[in-house]
Amino acid sequence: MINTPIQPKIDPANPFVGRHSRNQTLESFVRWVLRCGTLVIVSVTAAIVLHIAVKGAPVALSREWPFVNVAFLTELPSTLHVIQDNQGHIIETDVNGADAIKMELGANLREEKTISYSGGGILGPIVGTAMLVIVSVGVALFLGVASAIYLSEYASHGTFIEMVRLAILNLAGVPSVVFGLFGLGAFVLTAPVFTNSPLDRAIFTLPLGFTTLSFQGWDTCVLSGGFTLAFVILPVIITASEQCLQAVPLEFRETSMALGATRWQTIWRAVLPFATPGILTSSILGIARAAGETAPIMFTAALAFKDKLPWQKDQISLPADASLFAHWEQNIQRFLAIFTESVQALPYHIYTLAARIPQNEYSERAQYGSVFVFLILVASLAATSIWMRRSLRAKYKW
Amino acid sequence: MPPSASSPKQLPPVVEFRGVDFRYSTHTVLHNIHLSAERNRVTALIGPSGCGKSTLLRCVNRMNERFVGARVSQGQVFVKGKNIHDTDVDLTQLRKQVGMVFQKSNPFPKSIYDNVAYGLRIHGVTAKDILDDAVERALRSAVLWQELKDRLNQNALRLSGGEQQRLCIARAIATNPDVLLMDEPCSALDPIATLQIEELMQQLARDYTVIFVTHNMQQAVRVSDYTAFLHLGKLIEFGDTEELFSNPKQKLTESYLRGTFS
Ligand SMILES: Nc1ncnc2c1ncn2[C@@H]1O[C@H](COP(=O)(O)OP(=O)(O)OP(=O)(O)O)[C@@H](O)[C@H]1O
Ligand SMILES: [Mg+2]
């Protein structure tokens, strides 16, 4: 006999009455598992953000106008001196203040504590991170967009190109400390420079007559770190750019070519303008990534401590009549010199504060303050990205 | 059998296929095509889906060659008396003089002005007055000037489907081509917009040589001077439109026109 489906009895009053089958149980079980998973993620994220906000906001913000702790954002990090007198009053000050106060207190001094890096502000790390981000995003955008254009518009689709794509994707999975070592070897120690007096450590020198091209590396500096970071974010930028290019309808290209445009004219006028919003949006996420990486800049650009901003070095002094344009060559040189300085960087500064010095309430304060500022910066980048995507979407829809 | 000799010719053809075979990488889709389109005449290409009408049309401005392995494997295509596969033919110059309008209207998401000026800018025109002039002329030819002259800076995507298609025609004729290729230009339009485009095509024939693909028999009758019927990559019949529709010489043509096609 053939299996006939069992006809359940139908309740005439409610033909849709629920049947408690296994399916229904499974349904609600799965729904709850998924819901819990999401809840865990949301609550952990919220806990992290709250924790940082509670501990960091009092450091970076202030109760009175202008509601931010200006000193924290505009001073360089320094050693914090905490002086306690016999009455139990606690005074926080820097090196210079400490001597005067000790003199004044005389015998009334109970104890003096010094906590490295925890005084002053975090201007140095902010400036350093900004410069690293500018260099890395500039380099990565140029290289990334160029290769994305090549891959999606020029290269014929074959196994070789697929392998290149795969390699790029794999690059995204390389641990960032490996990029750090790569940067150390490639940019700090071997990258070519023009110089009249090559160092002995140069791997290879190429005399050019008026100067020498020496493969002696760029040293630990913004340039080395920026280039290293560029390679960290390249896979993201290439993949995203390629997607954005591919999202531009094929008809735009056909129409343009049918009007007699060359391939580059087509890309420049009928593809790139419509892909740019997306490329920029995704590169902002690249900025957040570059700003947050520690390992790649540890060997290539960042110092734990530096008491000068990159442009505060002794510069080539200009003649007295110096105007901005009269000595443009020197001015350019001075500008470029900024990028050959090592810097402090926010993530590395946080690492130093959290792991390299003895922990106490003062170092913790500096630490959470930095983390809070960092978080705000990254969050505002992400917000910009979302806002940009929205407004540009509306403008370049087809 | 080459049917090109069947139509009366007074003017030298602007576009001429001489025994053309076209193949995509794996298979040949056009076989021994002999066809010519005369100056200031409208030529319609009809035939069942997949018979190679678009391929034939796109041979004239060599747009097929974007695909790997796609090429004319035999015969020659002449445009204005020049073999377009000669090595001294510059593709950009060829395409400047052979305009194309696609099935789906596809203006760039730019202003109306920028759309029409696109071709000229590509060919190096930057002078504002020349551009203004050409844009106005092209829009007038496409019967759009009266409608659009006050909102040239508006985004072209905000136009209606019919206006968009006429804008695409304006864009194609802005570079002043000799030949205008149209691949099912009305298939996405409503009857009224279709009629407008048809009228426009006949007007355009005064200045240009129009070759177009259509699935609409009435349209071919209404608009074209000559009709070519293709089937499975072969040109079955080519001749005066009235003649071909009222008195087809080939059995295949007859059954296709009657709709008793298998
Ligand atoms: N890029 C391509 N690569 C390989 N084969 C193609 C390609 N484009 C078209 N073909 C094939 O060539 C043949 C003719 O195609 P074509 O587009 O010219 O037909 P058509 O007559 O325009 O059809 P329709 O009326 O549906 O537009 C079809 O069999 C099609 O599958
Ligand atoms: Mg077609």
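This is a predicted model: local features need pLDDT of at least 70, side-chain atom pairs count only at pLDDT 80 or more; totals for chains, interfaces and linings use all residues.
1. How many salt bridges does the structure hold over all chains? The count comes to 22. Across the interface of chain A and chain B, the rule finds 3 salt bridges. You can look at B:Lys104 and A:Glu251, whose side chains meet in a salt bridge at 3.1 Å, N to O.

2. Now for the polar contacts between the two chains. Between chain A and chain B, 8 residue pairs are in polar contact, counting pairs with both residues at pLDDT 80 or more. Which of them gives the most? That would be helix 8 of chain A, with 7 residues. Sorted by class, the side of chain A that touches chain B has 8 nonpolar, 6 polar and 5 charged residues.

3. As for the extent of the interface, 19 residues of chain A are in contact with 25 residues of chain B. The area buried between the two chains is about 1,900 Å², and carbon and sulfur atoms give 62% of it. If you want to know which residues of chain A lose the most area to chain B, look at A:Glu254, A:Leu259 and A:Arg269, which together make up 34% of what that side buries.

4. Next, ligand 1. There are 13 residues around ligand 1, and those that come nearest are B:Ser49, B:Lys53, B:Ser54, B:Thr55 and B:His215. Helix 1 of chain B (residues 53-60) contributes the largest share of the shell, 3 residues. By class, the shell around ligand 1 divides into 4 nonpolar, 7 polar and 2 charged residues.

5. Some individual distances are worth a look here. An N or O atom in the side chain of B:Ser54 is 2.6 Å from an oxygen atom of ligand 1. For the side chain of B:Lys53, an N or O atom is 2.8 Å from an oxygen atom of the ligand. B:Tyr24 meets a nitrogen atom instead: a polar atom of the B:Tyr24 side chain lies 3.4 Å from a nitrogen atom of ligand 1. How much of the ligand does the protein bury? Taken alone, ligand 1 exposes 640 Å², and the protein buries 64% of that.

Technical notes
Residues are numbered from 1 along each chain as its sequence is written. Chains are lettered from A and ligands numbered from 1 in the order in which they are written. Side-chain values use heavy atoms; hydrogens and water are left out. Contact means heavy atoms within 4.5 Å. Buried area is the accessible area (1.4 Å probe) that two parts lose on being put together, summed over both. A salt bridge is a side-chain nitrogen of Lys or Arg within 4 Å of a carboxyl oxygen of Asp or Glu. A polar contact is a pair of N or O atoms within 3.5 Å; within protein, one must be able to donate a hydrogen and the other to accept it, and residues adjacent in sequence count only if both atoms are side-chain atoms. Helices (H or I, at least four residues) and strands (E, at least two) are DSSP runs, numbered from the N terminus. Ala, Val, Leu, Ile, Met, Phe, Trp, Tyr, Cys and Pro count as nonpolar, Asp, Glu, Lys and Arg as charged, and the others, Gly among them, as polar. A residue is near a molecule or strand if one of its heavy atoms lies within 4 Å of it. Accessible areas come from the Shrake-Rupley method with a 1.4 Å probe; for residues, only the protein chains shown count as cover.
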